[in-house]
Every structure is written in C-alpha cells, then in structure tokens.
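Below is a short briefing on one protein chain, written to be read beside its sequence and model.

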Amino acid sequence: MTPQELRVIVIGAGPVGLAAAAQLLARGAEPLVLEAGPAVAHNIRQWGHVGMFTPWRFCVDRAAAALLATRGWKHPPPDDVPTGADLIAQYLEPLAKALAPYIEFHARVIAVTRKGFDKVRSAGREELPFVVRVQGPDGVRRFEARAVIDASGTWTAPNPMGADGLPAIGEEAAADRIASGIPDVLGTERTRYAGKTTAVVGSGHSALNALIELAALRLEATATRIVWLMRKERVEAAFGGETADALPERGALGSQARALVESGAVEVLTPFRISEIVRVENRLRIEGEHGDRSASIIADEIVVATGFRPDLSMLREIRLALDPWLESAGTIGPLIDPNLHSCGTVRPHGAKELAHPEAGFFIAGMKSYGRAPTFLLATGHEQVRSIAAALTGDVEAAGRVELELPETGVCNSRPATRDVAVAACCTTETPQGACCAPKPDLAADAACCGTTAPVVEIASATASCCIPRSHELAE
Ligand SMILES: Cc1cc2nc3c(=O)[nH]c(=O)nc-3n(C[C@H](O)[C@H](O)[C@H](O)COP(=O)(O)OP(=O)(O)OC[C@H]3O[C@@H](n4cnc5c(N)ncnc54)[C@H](O)[C@@H]3O)c2cc1C
C-alpha cells in the first residue's frame with residue numbers, strides 16, 4: 001500500500017474518537033480505532049453515575065447519528081440530560097456496534113512515530129506513513145497509518161493536589177486514601193465515605209459534583225463531615241454563573257454548592273494551598289497555607305478534583321505545537337486560557353487551528369484542550385468533522401464552521417496579568433455567546449474579536465463580542 005491508501009488511526013474509543021471514525025467513514029476513508037480499555041468509553045465509565053450538564057442535542061455527533069439512523073436508532077429526546085452511563089448505553093454502545101469492524105479493544109497505544117524516522121529527520125518526512133505501537137494482551141504490535149487522530153482524553157492524568165502543580169509531599173504515598181474525580185459515594189464507594197471526614201480539593205464542576213453527592217450521603221450517615229479546600233481566594237468564585245448559566249444543569253451545581261456552604265453542611269477553607277500529606281495513625285493530616293499562615297486539617301479521605309492534564313509521553317517522536325502552559329493543541333490556547341476568561345464557549349475551530357508541524361497528525365477532543373477545563377463534546381464533534389474533511393481533501397468543508405454551541409454567557413473577565421489591552425469578550429447577547437481573549441504573545445490573534453468589536457478593559461464583567469464565521473475570518 002502507498003501511504004495514502006493506509007487507514008487513519010484514531011486513538012481512543014471515547015465519544016470524540018468514535019465521532020472521528022463516523023466522520024471518516026462518511027467521507028469514504030477507513031478508520032481504525034485503537035482503544036486501551038475492554039469496551040467503548042472506558043473513561044466515561046469511571047463517572048457514569050454523574051449527571052451531565054449538556055442535554056442530548058449537544059452530545060451526539062451528526063455523522064454518528066446518521067450512521068446509527070441506518071440501523072433504526074432513535075435520537076434520545078434532545079432536551080433531556082443524560083448521565084455518563086446513559087450516554088454510553090443509549091448512544092456510544094450502539095455506535096460502537098455500528099463501528100465494530102473498525103475498533104480494536106485492549107489496544108493501548110504506547111508510541112506514535114514516522115516509519116524509519118525519528119523526530120529529528122526532516123527530508124521526505126511527510127511522505128512516510130505513521131507507525132503506531134500498541135500494547136495488547138498478546139504483546140506489542142505495530143500499525144501503519146496515513147494519519148493519526150489522538151482522541152485519548154485526559155481522564156487518566158489528573159492534576160495532583162499540590163498547589164504548585166507537583167504532587168504534595170506524601171501525596172503519592174497516601175494514594176490508598178485519595179480518590180480523583182467524582183467517586184460514586186452514594187453507590188459502590190458508600191462504605192468508604194459514610195461517617196468519615198472527607199476533604200474535597202478543587203473548585204471546578206467535578207468538585208461541586210463530589211460535594212453534592214457527599215452531602216446527600218451525609219443526610220443518611222450524619223457523622224459524615226465534608227471540608228472543601230481550594231486555592232481560590234473566595235468560595236463565591238467557585239459557584240460559577242448559577243442561574244445566569246445557559247446550561248441550567250451546570251448552573252444548578254453552583255447553586256446547590258452555595259446552599260450547602262451557607263447551611264454549614266460543607267465547611268470551607270479558602271484560600272488553602274496544600275503542600276504536604278502526613279499519615280497520622282489511621283488518618284491524614286493535610287498541611288498547607290491558609291492565606292498567609294500555615295494550617296492543617298485532619299481527614300479520613302481526600303477527593304482530588306483539580307482538573308486534568310494531557311499525557312504526552314506516547315507522542316515523544318511527533319513534532320507537536322503545544323500552547324506553552326495549557327499544553328493544548330495547535331493554536332487554540334489563546335481561545336481557552338482560563339487566566340483570561342472562564343467562558344465555556346470557544347470560537348469554533350477545526351483542522352487548521354489543531355494542526356501540528358507533523359503533517360497528518362491531530363489531537364482532538366478533551367486532550368486537545370490540554371489543561372484548560374472548559375471542553376464540550378460539541379466542540380470535539382466539530383473538531384473531528386473538520387479534521388475528517390481535511391484528511392479527505394475537502395478543504396472547503398474543513399474550513400467551514402458548522403458548530404452551534406450552547407451559549408455559556410457566564411464569562412468572568414479577570415484582571416489581566418499581562419501588560420496588554422486584552423480584548424476579552426464574553427456575552428450572552430452574541431449569536432453564539434462566544435468568548436475570546438488573545439494572549440499578548442499572539443497579538444495578531446486579537447482579530448478573533450474582529451475589527452468591529454469593542455476592545456474592553458479586562459476587568460469589566462462582560463463585554464460585547466464577535467464570532468468569526470469561518471476559520472478564514474478568524475485569521
Ligand atoms: C465528570 C465529567 C462530566 C462531563 N460532562 C460533560 C457534559 O455534560 N457535556 C459536555 O459536552 N462535556 C462534558 N464533559 C467533558 C468531555 O466532553 C468528556 O470528558 C468527554 O468524555 C471527552 O471525550 P473524549 O472522547 O475526548 O475523551 P474520553 O471520553 O476521555 O475518551 C478517551 C478514550 O481513549 C482511551 N485511551 C486513553 N489512552 C489511550 C491509549 N494510550 N491508547 C488507546 N486508547 C486510549 C480511553 O480508554 C477512552 O476510552 C464532562 C467531563 C467530565 C469528567
């Protein structure tokens with residue numbers, strides 16, 4: 001086979017990897033999805049008990065829906081909101097059946113490279129196929145591909161609880177008492193948390209979910225104590241948009257957390273910067289700085305919900321262009337930088353913005369956002385639609401924007417830490433409620449707000465915004 005006749009390898013059978021496969025098939029290209037786990041959506045299965053915050057209509061990829069429709073599948077009610085388990089049972093498992101000839105399970109990708117070339121060699125590089133090395137039950141195998149889409153997510157690389165980005169001293173040694181994400185405290189993990197003191201670390205939606213579930217457990221096991229630790233200066237900043245959030249389920253998380261704090265069901269210690277975990281008899285002492293003094297609290301269990309970061313180890317031989325601090329793909333860092341804005345909405349982007357110096361290689365889905373916390377499935381579906389178009393030579397479709405994102409008009413502009421006039425744009429009044437804020441070192445990207453949009457002081461709460469209608473305009 002010539003390199004061009006080879007398959008496109010998709011890493012990960014999560015929602016975005018499967019959508020990529022459906023998009024490629026719809027365009028006549030042959031995908032091969034390599035999935036580390038024994039079944040589809042291995043990562044979502046870890047949080048299947050959690051309610052999602054986007055309704056069905058923002059959870060289903062269009063090419064996937066078209067493929068499923070040929071097999072008699074019915075789209076779930078668009079405005080109902082699924083749990084992670086619903087998403088798997090009602091959408092991803094049927095989709096995996098439809099894509100069965102194109103998926104291999106128990107296939108963990110351990111490295112990606114160019115055939116016969118290391119990262120340094122340039123001449124003729126783009127003509128060579130990719131080689132994808134896979135660890136499976138029968139040992140290591142290698143697959144060749146004409147292009148690779150890495151949609152392996154970030155779930156398996158959670159951020160540590162140490163305030164400085166490193167694991168707190170003693171954190172790894174106490175791993176048996178530390179859970180990451182949103183443990184199923186009302187189900188399988190009930191005995192571990194009932195009647196115990198649990199410290200929840202973090203201030204994002206996962207932390208809010210964990211607090212709400214622990215508080216429900218506390219109603220039944222009244223000795224349960226919940227302490228919430230976060231780096232934020234004020235707990236109010238963690239409640240988000242509440243009723244102003246255009247995704248009501250997500251807004252409700254903040255409102256419920258606020259009620260729990262105000263009622264005293266959840267005790268808050270903020271700002272708290274964790275430095276060390278010490279085992280004290282059968283408990284854990286969490287040490288850190290509370291404001292400008294040292295402080296510690298004792299807990300039985302710790303739930304760390306401090307976000308995720310991409311595992312880039314398998315991409316060591318691939319020429320990547322990553323945002324310096326977010327480690328997000330291509331050039332999308334300025335659009336999603338939480339230093340500058342907190343909108344859940346992002347300017348539509350596709351193959352062009354996600355491109356790396358390694359031609360034919362893309363990172364898509366949750367992993368494309370690197371450490372930024374605001375990824376939505378709808379964004380991932382648009383990413384892989386555009387990538388599939390680019391890989392099949394449809395330049396026009398690759399550049400077109402077909403994304404209808406939910407409005408998430410809860411952007412809090414933050415004081416700029418950089419000495420530039422940042423055009424931070426967030427509003428619910430724009431057609432798509434998009435938000436953009438360029439980084440100073442990418443000043444040209446200020447055009448993401450268009451020439452007609454007012455440039456606003458970063459400290460103002462909201463500002464009018466503009467949304468480029470195509471990738472060309474975005475340039
Ligand atoms: C608790 C929670 C709630 C969320 N709720 C919403 C919501 O309501 N709406 C929304 O739009 N988004 C939501 N998100 C964000 C996002 O849409 C999800 O995280 C989504 O699962 C991302 O899909 P993905 O396909 O990019 O990655 P994942 O779902 O993480 O899938 C990655 C897949 O790759 C596999 N894999 C990993 N490494 C390898 C490897 N080396 N080789 C082979 N396979 C590998 C994994 O096993 C997994 O199956 C939520 C996220 C979380 C954590």
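This is a predicted model: local features need pLDDT of at least 70, side-chain atom pairs count only at pLDDT 80 or more; totals for chains, interfaces and linings use all residues.

Residues are numbered from 1 along each chain as its sequence is written, and side-chain values use heavy atoms, with hydrogens and water left out.

**Whole chain**

- The chain holds 11 helices and 18 strands; helices (H or I, at least four residues) and strands (E, at least two) are DSSP runs, numbered from the N terminus.
- Of its 475 residues, 53% are buried, where buried means under 20% relative accessible area, exposed over 50% and partly exposed in between (1.4 Å probe, protein chains only).
- A contact means heavy atoms within 4.5 Å; of the contacts between residues at least 6 apart in sequence, 69% join residues at least 24 apart.
- Carbon and sulfur atoms account for 52% of an accessible surface of about 20,200 Å², computed by the Shrake-Rupley method with a 1.4 Å probe; for residues, only the protein chains shown count as cover.

**The five-stranded sheet**

- An open sheet with parallel pairing has the strand order E3-E2-E1-E7-E16; two strands pair if DSSP finds at least two bridges between them.
- Its edge strands are E3 (103-104) and E16, each of which pairs on one side only.
- Strand E1 (residues 8-11) is covered on both faces, with Val8 and Val10 buried on one side and Ile9 and Ile11 buried on the other.
- Four parallel bridges link E1 to strand E2 (residues 31-34); within this pairing valine 8 has proline 31 as its bridge partner, and isoleucine 9 stands opposite leucine 32.
- The path from E1 to E2 passes through helix H1 (residues 15-26) in a right-handed β-α-β crossover, meaning that, with the strands pointing away from the viewer, the path from the first strand over the helix to the second runs clockwise.
- E1 also pairs in parallel with strand E7 (residues 147-150), again over four bridges; here the bridge partner of valine 8 is alanine 147, and isoleucine 9 stands opposite valine 148.
- In E7, Ala147 and Ile149 point one way and Val148 and Asp150 the other, and all are buried.
- E7 runs parallel to strand E16 (residues 361-363) and is joined to E16 by three bridges, with isoleucine 149 partnered by phenylalanine 362.

**Helix H5**

- Helix H5 (residues 205-220) has 16 residues and spans 24 Å from first to last C-alpha, close to the 22 Å expected at 1.5 Å a residue; the expected span is 1.5 Å times one less than the number of residues.
- Among the buried residues of H5 are Ala207, Leu208, Leu211, Ile212, Glu213 and Leu217.
- Cover for the buried residues of H5 includes helices H4 (190-193) and H6 (248-263), together with strands E9 (197-201), E10 (225-229), E11 (266-269) and E15 (301-304).

**Glutamate 287**

- Glutamate 287 lies in strand E13 (residues 283-290).
- Glutamate 276 is 11 residues away from glutamate 287 in sequence and 5.1 Å away in space, C-alpha to C-alpha.
- Leaving aside residues up to four places away in sequence, glutamate 287 touches Phe272, Arg273, Ile274, Ser275, Glu276, Val278, Ala295 and Ser296.
- The side chains of glutamate 287 and arginine 285 are joined by a polar contact of 2.8 Å; a polar contact is a pair of N or O atoms within 3.5 Å, and within protein one must be able to donate a hydrogen and the other to accept it, while residues adjacent in sequence count only if both atoms are side-chain atoms.
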